[in-house]
Amino acid sequence: MNMPVLQTSIAASAPIESTGASVVSLPTVKPSYLTTRIVPKLKNAAANVLPPIIMLALILGVWQLLCMKPGATLPAPTKIWAEAKDLILDPFFVAGPQDIGLGWRVLVSLQRVAIGYGLAGIIGIMLGTIIGQSVWAMRGLDPIFQVLRTISPLAWLPISLAAFRDSQPSAIFVIFITSVWPIIINTAVGIRNIPQDYRNVAAVVRLNHLEFFWKIMIPSAAPYIFTGLRIGIGLSWLAIVAAEMLTGGVGIGFFIWDAWNSSRLSDIVVALVYIGMIGFILDRIVAFVANIVTRGTAAS
Amino acid sequence: MTAYLKLDHIDKVFTRGNSSTEVLKDINLTVDKGEYISIIGHSGCGKSTLLNIVAGLTTATQGGVLLENREVNEPGPDRAVVFQNHSLLPWLTVYDNVKLGVDKVFARTKSRAERDEWVLYNLNLVQMTHAKDKRPSEISGGMKQRVGIARALAMEPKVLLLDEPFGALDALTRAHLQDSVMALHQKLGNTIMMITHDVDEAVLLSDRIVMMTNGPSARIGEVLDVPLARPRKRLELASNATYLKCRQRVLEFLYERHRFVEAA
Ligand SMILES: Nc1ncnc2c1ncn2[C@@H]1O[C@H](COP(=O)(O)OP(=O)(O)O)[C@@H](O)[C@H]1O
Ligand SMILES: [Mg+2]
């Protein structure tokens, strides 16, 4: 926050040094750059980065201690490093049709999620908009959605397979059906909560239905819609393992299933870390987009 | 002679479930073109309801509103409203908030460049050109209200409706804005209907003051002419006999004859 101010004060002081012969206190200016800019920055970075690193080291240490014993059922970090070094160090190697880096596998999975989540986003917002306009639709459907939303992705698998009889659309359907509910519900609530004031403005200006939809409804409900989208992206990434049990192939979800079947526990742990990090990044991306799109709307 | 704006035997009953309250009872009023009318009354008596009926945002249970001899029963830009809480759209800039109405009203009669010019002209009228690219959350309450006024003026309404436009502002900002509205009225000659609960504001700005009795079933209790020459200067009026007499009259109406009963 105060960085630009400091910058200008430094910039302003520079020409004085060169032109004014009467400036004496030159030595006191010099170290100030280091102490006022670099040091606080480092301190700030340390305060944010150090605690998670320390905690991570602690967890790894405890894990190591617990799993070092000869009869341990799970691999210790050192063992994982030894067994799955190639997976950890190079995400993008290609050593055969089924032997590729986890980066490639994640990309394949992301493609599937993109389709399932994309559909969930479009259909969820559309349905939510329609439902949000009718008190009765809201009353009738909300409890049903609240129940459906709690069903695990795994539980949708058989239904999905029975309906589509093909693994690829089934997998996408599982991702879709897992993530669509919060998008519908939040959009509907957002539409319901459009302030009467905005409706009055639209009425006085005489916006038609389409203009009202694009110029009032969507922007006004945007914070709600993005809450739904953010929950949705988390859920669709959660569904990937379940979805890819169906499809086989090279996705990260199937990789876990496959590694389990051939008892490569270390590989599974590495894949879990990948899934966690990608999920985190996806969440941040949606949050970032939400921040840009809804700028100003929330603070009214 | 026929009136410019005519409220004709308006009743309003709100029905909720099987209980109904009569808020307004037999409201009759005629407003001339270019006139500045204030409606004053205690909180909850039905002032906003009346204004909303004129705006077309609420429908009267009985009676109707005539504007230039034509009945109006739905909202439209010919009766633009400045809302008490500004009601600017927070996701649009100041410029775009004004533009929203301009684009609709002058879609066919003005070119794109003319509309842009018209938006800027109206922002300039309320001295808000400097903030045209800001969002409502970035400007003060008084500025928001100015933009609200510009948005309404830019639609070239036949009647400008103001619902306690200065109610939420501090005294200094309010005085400043009152002066602005007075100057705009002088310059543009709009017909204005303003709701207020501030006696000084009503006397300072209005040609006529409509005093409403307490609800339920509020009626027009009295209509007071304010025979003060324009332009009016707030400081000079402070000791003007006519001003003081009008003020006294409204105060008497509100605080003696129609005292606000808390239990009601
Ligand atoms: N939509 C509504 N439904 C039922 N009652 C309402 C509604 N709007 C206003 N009222 C009632 O009508 C009365 C007048 O309200 P309002 O016109 O807002 O008063 P004022 O603006 O004078 O303070 C109040 O008692 C209020 O409770
Ligand atoms: Mg009111």
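What share of contacts in chain A between residues at least 6 apart in sequence join residues at least 24 apart? The share is 68% in this predicted model.

**View 1. The helices of chain A.** Chain A holds twelve helices and zero strands. Along the sequence the pattern reads α-α-α-α-α-α-α-α-α-α-α-α. Of contacts between residues at least 6 apart in sequence, 68% link residues at least 24 apart.

**View 2. Surface and burial in chain A.** Chain A has 300 residues, and 36% of them are buried. Its accessible surface is about 17,300 Å². Carbon and sulfur atoms account for 72% of that surface.

**View 3. The largest nonpolar core.** This core contains 144 residues. Those with the most contacts inside the core are B:Leu5, B:Leu7, B:Met193 and B:Ile209. Helix 7 of chain A, residues 167-192, gives the core its largest share, with twelve residues.

**View 4. Surroundings of B:Ile209.** B:Ile209 is among the core residues with the most contacts inside the core. Neighbours within four places in sequence are left out of this view.

**View 5. Confidence along chain A.** The average pLDDT of chain A is 85. A score of at least 70 is reached by 88% of the residues. Over residues 1-20 of chain A, pLDDT stays under 50. For residues 1-20, the model has eight contacts beyond four places in sequence.

How values were computed:
Residues numbered from 1 in each chain as written. Chains lettered and ligands numbered in written order. Predicted model: local features only at pLDDT ≥ 70, side-chain atom pairs only at ≥ 80, totals over all residues. Heavy atoms only, no water. Helix = DSSP H or I, 4+ residues; strand = E, 2+ residues; numbered from the N terminus. Buried < 20%, exposed > 50% of the residue type's maximum accessible area, 1.4 Å probe, protein only. Contact = heavy atoms within 4.5 Å. Areas by Shrake-Rupley, 256 points an atom, 1.4 Å probe, with all protein chains shown as cover. Core = buried A, V, L, I, M, F, W, Y, C linked by side-chain atoms within 4.5 Å. pLDDT = per-residue confidence, 0-100.
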